[in-house]
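This report describes charged side chains: how they pair, and where they gather.

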Amino acid sequence: MDEFKQLYDKHEKQISKYLFYLVGDKHLAEELTQETFFQAFKSIHRFKGESKVSTWLFQIAKNTFYTYMRKNKKIDRNIDPATIQESLAFQQTPEEIYEKKEESIRLMNAIKKLKQPQQEIMILRFYNELSFKEIGDIFDKTDLWARVNFYRAKGKLSYILDGGVET
């Protein structure tokens, strides 16, 4: 049990951050994070060590998110401006805080317009700073697949941020 607590302590923030950027709600992200670790605890005996523990946890988080979305099709997935404030506390002036907050909200809302899995790939790469290999492992694909989808998503994201509408 101590080892699992250490696993939780080491990876909880990463998983919570990933889920926050997917759902846009701090409390829901915390709930899904708890469910992710509950599922990990139940299936720890099946972890064979063929990937990093963090990759395995991101896969569980991704599946937890998908399960939630199937059950709750009507959620507002836009980022709440109040909740993003916490991640910007390192800024020094109120003007910088405001600009960063507005920029982050605009970027996240643009990412939300991308289709799956490009949306998740952008979040994993930008906000969780995972390698293409790790992202590929999460989706049971190659690092080349992750890289190609990231650059395609990046192009679509630029188009959206420049005022285009992605469908």
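Glu-134 and Lys-52 form a salt bridge, with their closest N and O atoms 2.7 Å apart. A salt bridge here is a side-chain nitrogen of Lys or Arg within 4 Å of a carboxyl oxygen of Asp or Glu. The pair links distant parts of the chain, 82 residues apart: Glu-134 is in helix H7 (residues 132-138), and Lys-52 is in the loop between helix H2 (26-43) and helix H3 (53-71). Helices are DSSP runs (H or I, at least four residues), numbered from the N terminus.

Glu-134 is buried, at 12% relative accessible area, while Lys-52 is exposed, at 51%. Buried means under 20% relative accessible area, exposed over 50%, and partly exposed in between (1.4 Å probe, protein chains only).

## Basis of the model

The model is predicted: local features need pLDDT of at least 70, side-chain atom pairs count only at pLDDT 80 or more, and totals for chains, interfaces and linings use all residues. Residues are numbered from 1 along each chain as its sequence is written, and side-chain values use heavy atoms, leaving out hydrogens and water.

## Bridges within a helix

The whole structure holds 3 salt bridges. One of them joins Asp-137 and Lys-133 at 3.3 Å, N to O; both residues lie in helix H7, 4 residues apart, about one turn of the helix. Asp-137 is partly exposed at 23%, and Lys-133 is exposed at 51%.

Lys-5 and Asp-9 also meet in a salt bridge, at 3.0 Å, N to O. Both lie in helix H1 (residues 2-23), 4 residues apart.

Note on methods
Helices (H or I, at least four residues) and strands (E, at least two) are DSSP runs, numbered from the N terminus.
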